[in-house]
Amino acid sequence: MIPECPRSSETRTPIRCQGADLTQTRSGLLSEIKTPIKTEPFNEHYSLIPGKELGRGKFAVVKKYVEKQTGKEYAAKFMRKRRKGQDCRLEIIHEIAVLELATASPWVINLHQVYETANEMILVLEYAAGGEIFHQCVAEREEAFREADVKRLMRQILEGVAFLHRSSVVHLDLKPQNILLTSEDPLGDIKIVDFGLSRMVSSSQELREIMGTPEYVAPEILNYEPISTATDMWSIGVLAYVMLTGTSPFLGDDKQETFLNISQINISYTEEELEGLEPSAIQFMKSLLIKEPQARATAEACLQHPWLQQPTEGKEERKEATEGEPNSPASPPPRRRKRRRRKAS
Ligand code: ADP
Ligand code: MG
């Protein structure tokens, strides 16, 4: 989800972040980038790989390209500079600045180059060939994640988010569509994408009112209370639930019902889909889906959680789902993932 541009004119406040001076605007946007902005024709240097678009949002479309000089594949994110009649170039610059800041994390997508045309900016990103983890989240049986997969991927997500939080960045739109994979089969590593809603958080300035995707937003967002790194941790709790069960814990019939479920923490830990999970997996989610942001586990604390410390109890190799007789004792059946009424979306 892409925010509308900030309306007020910005004043700049220099803040210190991981030893570097970063110029930050009042609304938590960074305004300086190091990547040179190229203005020569994009198509002179990149050829479109025909086929389906990689993704599309309200103001962005992502397509696969090959760099002519190197033959390497990239994902080009084309972003409109004007949205709803407002100039959003500064928001795009912020997205670029955050990607630059996160270069050192292997779990955040790499930015290769930036192009600008009259109406668009083009972010040339490392190509994540495995697509969104969303597909495995809603997949049936053989393709769905095993608990062991979720643990490994969740550790990577948490390491990426811990890196961002140490750098005072909150993502604010963590969901299965914004967590990509380097490869699908064999299951690769994760890459966090889409910093369109991300903001810098600092102790001196309060940030409120940034609305992510309904199913994943924290109660403080709905109550117009201050946003913090804990806001992302709520979304990670929802993400864990969706990755483990394929169902969305707060999703209602409409937005209103979803928001009501979130603000009342109307969640069930006794659903059929959760049967068979390690009890520590439930504790993990419970340590995040807490109304009070201060009481939620941090990303660093989550990495120390018992659920992520223990190796998963044997048998859960992904391959086994497609090999051997489903009920043979040598190859126990993988946990069945029945759909509840509402799939994650
Ligand atoms: P939006 O702000 O429109 O949500 P995203 O950055 O999330 O934009 O990109 C939209 C979709 O495009 C993603 O959900 C994903 O499916 C696809 N996509 C984005 N970046 C990449 C990438 N680097 N490699 C492969 N697919 C990508
Ligand atoms: Mg997105």
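Trainee: Which strand is Lys77 found in?
Mentor: Lys77 is in strand β7. Keep in mind throughout that this is a predicted model.

Trainee: Buried or exposed, that Lys77?
Mentor: Buried: the relative accessibility of Lys77 is 10%, and the limit for buried is under 20%.

Trainee: What does UniProt list Lys77 for?
Mentor: The UniProt record, an unreviewed entry, lists Lys77 under "binding site".

Trainee: And what does the side chain of Lys77 make a polar contact with?
Mentor: Within the protein, the side chain of Glu95, at 2.8 Å. There is also a ligand atom: an oxygen of ligand 1 lies 2.7 Å from an N or O atom in the Lys77 side chain.

Trainee: Leaving aside neighbours within four places in sequence, what is Lys77 in contact with?
Mentor: The list includes Ala60, Val61 and Val62, then Met121, Ile122 and Leu123, and also Asp194.

Trainee: Let's stay with the ligand. How many residues surround ligand 1?
Mentor: There are 18 around ligand 1, and the closest are Lys77, Glu126, Glu132, Gln177 and Asp194.

Trainee: Which polar backbone atoms does an oxygen of ligand 1 approach?
Mentor: One belongs to Gln177, with an oxygen atom of ligand 1 at 2.8 Å. Another belongs to Leu54, where the distance to a ligand oxygen is 3.3 Å.

Trainee: Glu126 was among the closest. Which side chain makes a polar contact with the side chain of Glu126?
Mentor: That of Lys191, at 3.3 Å. The Lys191 side chain also reaches the backbone oxygen of Pro106, at 2.8 Å.

Trainee: Where does Lys191 lie?
Mentor: In strand β15, which covers residues 190-192. Lys191 has a relative accessible area of 12%, so it is buried.

Trainee: What else is Lys191 in contact with, beyond its neighbours within four places in sequence?
Mentor: Among them are Trp107, Val108 and Ile109, and also Asn178, Ile179, Leu180 and Thr182.

Trainee: Change of topic: how many aromatic pairs does the structure hold?
Mentor: Nine. In one of them, Tyr46 and Tyr74 have ring centres 6.2 Å apart and planes at 85°, so that pair is edge-to-face.

Trainee: Which parts does the Tyr46 and Tyr74 pair tie together?
Mentor: Tyr46 lies in strand β4 (residues 46-48) and Tyr74 in strand β7 (residues 73-80), so the pair joins parts that are 28 residues apart in sequence. Tyr46 counts as buried at 1% relative accessibility, and Tyr74 counts as buried at 6%.

Trainee: And how do Trp234 and Phe250 pair, stacked or edge-to-face?
Mentor: Stacked, at 5.3 Å centre to centre with 20° between the planes.

Trainee: Which residues do ring pairs link into a cluster?
Mentor: Phe42, Tyr46, Tyr65, Tyr74, Phe78 and Tyr115. Phe78 also has a charge over its ring: the charged end of Lys63 is 5.6 Å from the ring centre.

Trainee: What lies over the face of Tyr269?
Mentor: Lys286, at 4.9 Å from the ring centre.

Trainee: Back towards the start of the chain. Where does Glu40 lie?
Mentor: In the loop between β3 (37-38) and α1 (42-45). Glu40 counts as partly exposed, at 33% relative accessibility.

Trainee: What is Glu40 in contact with, neighbours within four places aside?
Mentor: His45 and Tyr115. With His45 there is a polar contact between the side chains, at 3.3 Å.

Trainee: Last one, on the whole chain. How many helices and strands are there?
Mentor: The chain has 10 helices and 16 strands. Of its 345 residues, 55% are buried. Among contacts with a separation of 6 or more, 67% are between residues 24 or more positions apart.

Definitions and conventions. Residues are numbered from 1 along each chain as its sequence is written. Chains are lettered from A and ligands numbered from 1 in the order in which they are written. This is a predicted model: local features need pLDDT of at least 70, side-chain atom pairs count only at pLDDT 80 or more; totals for chains, interfaces and linings use all residues. Side-chain values use heavy atoms; hydrogens and water are left out. Rings of Phe, Tyr and Trp (its six-membered ring) pair if their centres lie within 6.5 Å; planes under 30 degrees apart count as stacked, over 60 as edge-to-face and the rest as tilted. Helices (H or I, at least four residues) and strands (E, at least two) are DSSP runs, numbered from the N terminus. Buried means under 20% relative accessible area, exposed over 50%, partly exposed in between (1.4 Å probe, protein chains only). A charge sits over a ring if NZ of Lys or CZ of Arg is within 6 Å of the ring centre and within 35 degrees of the ring normal. UniProt positions are given in the numbering used here, feature names are shortened, and annotations may be inferred rather than shown by experiment. Contact means heavy atoms within 4.5 Å. A polar contact is a pair of N or O atoms within 3.5 Å; within protein, one must be able to donate a hydrogen and the other to accept it, and residues adjacent in sequence count only if both atoms are side-chain atoms. A residue is near a molecule or strand if one of its heavy atoms lies within 4 Å of it.
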